[in-house]
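Colleague: I would like a close look at one part of this model, with the aromatic side chains and the sheet taken in turn. Please spell out the cut-offs as you go.

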Amino acid sequence: MLNTDFIPKRKAMLNLSILSSILILSSCCDKNGPTKTSNPAGLIEDPAKLEMLHSLVDLEGNKGRLYEMTYTVDYKLDDALNAGIVGTNSLVQFVMTHLMDYTSPKTLSMRYDAGCSAFACPDKNSGDFLMGRNFDFNHKDEKGDRIMIPAIVVHTAPKGGKKSVSFVDGQFVFYESGFYTDGETDLSMLMALPYLLLDGINEDGFAISVLKLDGNPTRQHYPDRKNIFTTVAMRMLLDRASTVAEATEMLEQYNMCMDDDPASYHFFMADATGDYAIVEYTFEEGEKYPTRMEVLRGDDIWRYVTNFYASPSMIDSPHGSVISTHGKWRYDTLKVNLAKYQYKLNPTQAMNLLEKVAQGPDEEQRSTGFTQWSEVFNLSKRTVRMSILREFGRTFEFTIE
């Protein structure tokens, strides 16, 4: 949560009109207008930004667990790509200087992490291409109690880019469940939402997700490339890539930088043509940090992924498939169930498989051990079916118009 002691008080503008969304919710929940809030946004003065920040909709009425927002102002992707963002600190600095109206004399912070499972397959009956995804992360406070997060559905339609819907864990900027209407929490860091995504899909049916790896972070240093941070890369791909092939070509033009934490990440992506890939950054001989980009595709064994390196080049490393146990039971469950159905699942079967690999209270001793949301992306129809907090009997459905 932001420290608001230093933020000047001003009355935020409330948007009392019904939010015009690029997504449509299914009948499982009523689509209401913006959720009224008196919370401040002390680093924002521009009326359009204030209206946007006060346009969030609580999709469950008043539970504070799942919000929806259409990001209507320019989030300056070209500037972000030219800024040399290499981690969370420089991402916060970019948001402060380019998206907010005031800068803070104190340090604002964010954190970024992810566990997760993902897979891709066709639907035997319809011929549609699907991608399944669990986002797993167990946020805990200083006492070890689990923090309830707000998930935020973010709609973007950038000028000259592709419409998309992406999904954000609000705890990465220290927002907790119900933050939006607690009367205290400053909303300024909502300006960062386009760069906080953990997964998403665009209007061409290209989808991407990020999953955690153990070990040192990726640090590429090619002199002829600009630096790019994990989530900035994902935003670029949703805005500009139509296929897996285009996405991997774009990634090859940048130095991937994955912060200073003792963790790296790999991407799982798929598209409406049926293509899919795991993108990993692996080690050259003698290196301390991963620098070599590998694209794993074209075989059924690359249709699913969890939290260890899938690349054959990393098979005997401490964080590779032979030695690492991080996500192993989930990986084996995906492997067995996808093979059982010849790698073809309908949407119901896909969600059932996500339920099989969901993590619950019995996994709470592990940092990634709680499933915050589960999604089945229909890449052919450009839809997302989502459940939160392992409540698989109730889903939310989104469609890009």
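Is Tyr-195 buried or exposed, and what is its relative accessible area?

Modeller: Tyr-195 is buried, with a relative accessible area of 0%, where buried means under 20% relative accessible area, exposed over 50% and partly exposed in between, with a 1.4 Å probe and protein chains only. Before going further, please note that this is a predicted model, in which local features need pLDDT of at least 70 and side-chain atom pairs count only at pLDDT 80 or more, while totals for chains, interfaces and linings use all residues. Residues are numbered from 1 along each chain as its sequence is written, and side-chain values use heavy atoms, with hydrogens and water left out.

The partner of Tyr-195 is Phe-94, and the two rings form an edge-to-face pair, 5.9 Å centre to centre with 90° between the planes; rings of Phe, Tyr and Trp (its six-membered ring) pair if their centres lie within 6.5 Å, and planes under 30 degrees apart count as stacked, over 60 as edge-to-face and the rest as tilted. Phe-94 lies in helix H3 (residues 88-99) and Tyr-195 in the loop between strand E6 (164-169) and strand E7 (197-202), so the pair ties together parts that are 101 residues apart in sequence. Helices (H or I, at least four residues) and strands (E, at least two) are DSSP runs, numbered from the N terminus. Phe-94 is also buried, at a relative accessible area of 3%.

A second pair, Phe-135 and Trp-373, is tilted, with 4.6 Å between the centres and 35° between the planes. Because Phe-135 belongs to strand E4 and Trp-373 to strand E15, this pair ties together parts that are 238 residues apart in sequence, and both residues are buried.

Strands E4 and E15 belong to an open sheet of six strands with antiparallel pairing, in the order E14-E3-E4-E15-E16-E17, and two strands are taken to pair if DSSP finds at least two bridges between them. Strand E14 (304-305) and strand E17 (396-399) stand at the edges, each with a single partner strand, so one side of each is left without a neighbour in the sheet. Strand E16 (residues 383-388) pairs with E17 over four bridges, in the antiparallel sense, and Val-384 stands opposite Phe-398 in E17. Helix H7 (residues 347-356) packs on the sheet, touching strand E3 (117-122), strand E4 (129-136), strand E15 (371-378) and E16, where contact means heavy atoms within 4.5 Å.

Key:
Axes fitted to C-alpha atoms, helices over the stretch in contact; angles between N-to-C directions.
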